[in-house]
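Please look over the sequence and the structure shown below.

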Amino acid sequence: MDMNMEARVGVVLEGGQRALNSASTHGSIMDAGARKFLQQHNNKQSQQHSQLGTVQQLVAGGIAGAFSKTCTAPLARLTILFQVQGMHSDVTALSKASIWQEASRVINEEGFRAFWKGNLVTIAHRLPYSSVSFYAYERYKSFLQPVLGVENHRVNGTADLAVHFIGGGMAGITAASATYPLDLVRTRIAAQRNTMYYRGIWHAFHTICREEGFLGLYKGLGATLIGVGPSIAISFSVYESLRSFWHSKRPSDSTIMVSLACGSLSGIASSTATFPLDLVRRRMQLEGAGGRARVYTSGLFGTFAHIIHTEGFRGMYRGILPEYYKVVPSVGIVFMTYETLKMLLSRIPAS
């Protein structure tokens, strides 16, 4: 999964929830920020006897995330296809295809439906990731608040922010570790072109365990875990800085629109900073796939060095453009879908 998306959409939902007194909780798409608002929202809504239950919040967040991922799946697959170029090809012979040329190749060679290769795994990843990260964040937060002396959010904003940074990062690491095999399988299925070595989710799990052992399902986990903290920290810090600056200059602007704009910009900043780690993660996930020989044998940092040596620094940013293009629609779709589902679910009387 796109781990950056979690923090990215989380901060947007955070701002939006403040505006609407609403909550959010998306896994790859609703991370620490969303959960923070969720608690704030629950406190307010409990006074109004209209809060959503935890299960409803998770369902709404999971559906919103799955819908957003499905809508932007073509761009996500293009990102993966560009990221893994150069693994088994002569770098000097790599085609400098544009996004549109690669999209045309996919349609002509694989068919239009191929844009959604691996999307079923993405959807299957959604709810467990959301659930684990939601509950882990609540547990970490309850532990960190007394440790950092956060008794009143309004009194100590710095300590409160530290709780969300640290708690969000730890929750992200916990959820990423727990659901990582699904992320790896998604990458392997999405990276397939004309030859279908893995015929589905269960076939991929079985084949990987048989050929590479159980630990084969965790290739690239180190790069993933290293990227979780910076992604959340950058998303939060850029989002909060932009939102504060915007409100200081234009206090009358719509809070929702400010949240969406700042969330999108923070997502772009986060993606830019952590994209090399994401590219390395994808390539390490594909090591040994389909019985092919390993390319990178010197660990995480050795892989970085190998890519820079053979492909140059620009090689670390293969696929960054489709990643940029999906930020704004991802943020907007998940926010509006979540709000719609929240309204519908709030009308269902609690049993």
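Is Thr 207 buried or exposed, going by its relative accessibility? Thr 207 counts as buried because its relative accessibility is 1%; buried means under 20% relative accessible area, exposed over 50% and partly exposed in between, with a 1.4 Å probe and protein chains only. The model is predicted, so local features need pLDDT of at least 70 and side-chain atom pairs count only at pLDDT 80 or more, while totals for chains, interfaces and linings use all residues. Residues are numbered from 1 along each chain as its sequence is written, and side-chain values use heavy atoms, with hydrogens and water left out.

The protein has 13 helices and zero strands. Helices (H or I, at least four residues) and strands (E, at least two) are DSSP runs, numbered from the N terminus. Of the 351 residues of the protein, 54% count as buried. Contact means heavy atoms within 4.5 Å. Among contacts between residues at least 6 apart in sequence, 76% join residues at least 24 apart.

Thr 207 is part of helix α9, residues 201-212. Not counting residues up to four places away in sequence, Thr 207 touches Tyr 197, Tyr 198 and Glu 212. Helix α9 has 12 residues and reaches 16 Å from its first C-alpha to its last, close to the 16 Å expected at 1.5 Å a residue. The expected span is 1.5 Å times one less than the number of residues in the helix. Besides Thr 207, the buried residues of α9 are Ile 201, Ala 204, Phe 205 and Ile 208. An α-helix has 3.6 residues a turn, so residues three or four places apart point the same way. Cover for the buried residues of α9 includes α6 (119-148) and α8. After α9 comes Gly 213, with a positive phi near 85°.

With 13 residues, α12 reaches 18 Å from its first C-alpha to its last, close to the 18 Å expected at 1.5 Å a residue. Its buried residues are Leu 300, Gly 302, Thr 303, Phe 304, Ile 307 and Glu 311. What covers them includes α10 (221-249) and α11 (255-285). Gly 312 follows α12, and its phi is positive, near 80°.

Next come the nonpolar cores. A nonpolar core is a set of buried Ala, Val, Leu, Ile, Met, Phe, Trp, Tyr and Cys residues joined through side-chain atoms within 4.5 Å. The largest one has 32 residues, of which Val 185 and Val 280 touch the most other members. Two or more residues of this core come from each of α8 (180-191), α9, α10, α11 and α12. Helix α8 gives the most, with seven residues. Leaving aside neighbours within four places in sequence, Val 280 is in contact with Leu 300, Thr 303, Phe 304, Ile 307 and Met 316. A second, separate core of eight residues includes Leu 78, Phe 82, Ile 99 and Val 106.

How do the helices pack? Two packed helices are described by the angle between their axes and the distance between the axes. Axes are lines fitted to C-alpha atoms, for helices over the stretch in contact, and angles run from 0 to 180 degrees between N-to-C directions. Helix α4 (residues 73-83) packs with α11 at an angle of about 75°, with the axes 9 Å apart. That makes α4 roughly perpendicular to α11, since angles of 65 to 115 degrees count as roughly perpendicular, under 35 as roughly parallel, over 145 as roughly antiparallel and the rest as oblique. In this contact, Thr 79, Ile 80 and Gln 83 of α4 meet Phe 275, Asp 278, Leu 279, Arg 282 and Arg 283 of α11.

Helix α4 also packs with helix α5 (residues 99-110), at about 100° and with the axes 11 Å apart. These two helices are therefore roughly perpendicular to each other. Arg 77, Leu 78, Leu 81 and Phe 82 of α4 make the contact with Ile 99, Glu 102, Ala 103, Arg 105, Val 106 and Glu 110 of α5.

Gln 83 of α4 counts as buried because its relative accessibility is 0%. The C-alpha atoms of Gln 83 and Gly 319 are separated by 5.4 Å, although the two residues are 236 residues apart along the chain.
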